[in-house]
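Work through the exercises below with the sequence and the model open. Each task is followed by a stepwise solution.

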Amino acid sequence: VLLNLAHWHEALEYNQRAVVTKPADALANSQLGMAYFYSGQIDLAEKYLTAAKRIDPAHFSHPQIVLAEIYLRRNEPGAAADELEDLLTRHPDLPIAPRIRQEIGRLREQAR
């Protein structure tokens, strides 16, 4: 709820406790990664979003989307495209799949 209300710093506190309590929980890791991302702590965001993806690559929170945004901010379009392709591999019927495919094409072109 705190993430949805854009209370990033408050969400950090609760999500840190969730990961300590359940380190192998994909949702806890994903939400902590998102809280770090929106708090501007990109390296920590990547760490926890990557953990969420490792635990459950098809998790409903779609950690690949925020990971792609991290790589875009780092000017790594190839890595961003890889994340989005991974997302579509696991969720090919997403309503936004056509837009994601367009973005992948744009990112691949940019990476060249």
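**Exercise 1.** How are H5 and H6 oriented to each other: roughly parallel or roughly antiparallel?

*Solution.* The model is predicted, so local features need pLDDT of at least 70 and side-chain atom pairs count only at pLDDT 80 or more, while totals for chains, interfaces and linings use all residues. Residues are numbered from 1 along each chain as its sequence is written, and side-chain values use heavy atoms, without hydrogens and water.

Step 1. Helix H5 spans residues 77–90 and helix H6 residues 97–111; their axes are 8 Å apart, at an angle of about 155°. Helices here are DSSP runs of H or I with at least four residues. Axes are lines fitted to C-alpha atoms over the stretch in contact, and angles run from 0 to 180 degrees between N-to-C directions.

Step 2. Angles over 145 degrees count as roughly antiparallel and those under 35 as roughly parallel. H5 and H6 are therefore roughly antiparallel.

**Exercise 2.** Is glutamine 64 buried or exposed?

*Solution.* Step 1. Locate the residue: glutamine 64 belongs to helix H4 (residues 63–73).

Step 2. Buried means under 20% relative accessible area and exposed over 50%, with a 1.4 Å probe and protein chains only. Glutamine 64 has 0% relative accessibility and therefore counts as buried.

Step 3. List its surroundings. Leaving out residues up to four places away in sequence, glutamine 64 touches Lys53, Pro57, Glu83, Asp86, Leu87 and Arg90, where contact means heavy atoms within 4.5 Å. A polar atom of the glutamine 64 side chain lies 2.9 Å from the backbone oxygen of proline 57.

Technical notes
Helices (H or I, at least four residues) and strands (E, at least two) are DSSP runs, numbered from the N terminus. Angles under 35 degrees count as roughly parallel, over 145 as roughly antiparallel, 65 to 115 as roughly perpendicular and the rest as oblique. A polar contact is a pair of N or O atoms within 3.5 Å; within protein, one must be able to donate a hydrogen and the other to accept it, and residues adjacent in sequence count only if both atoms are side-chain atoms.
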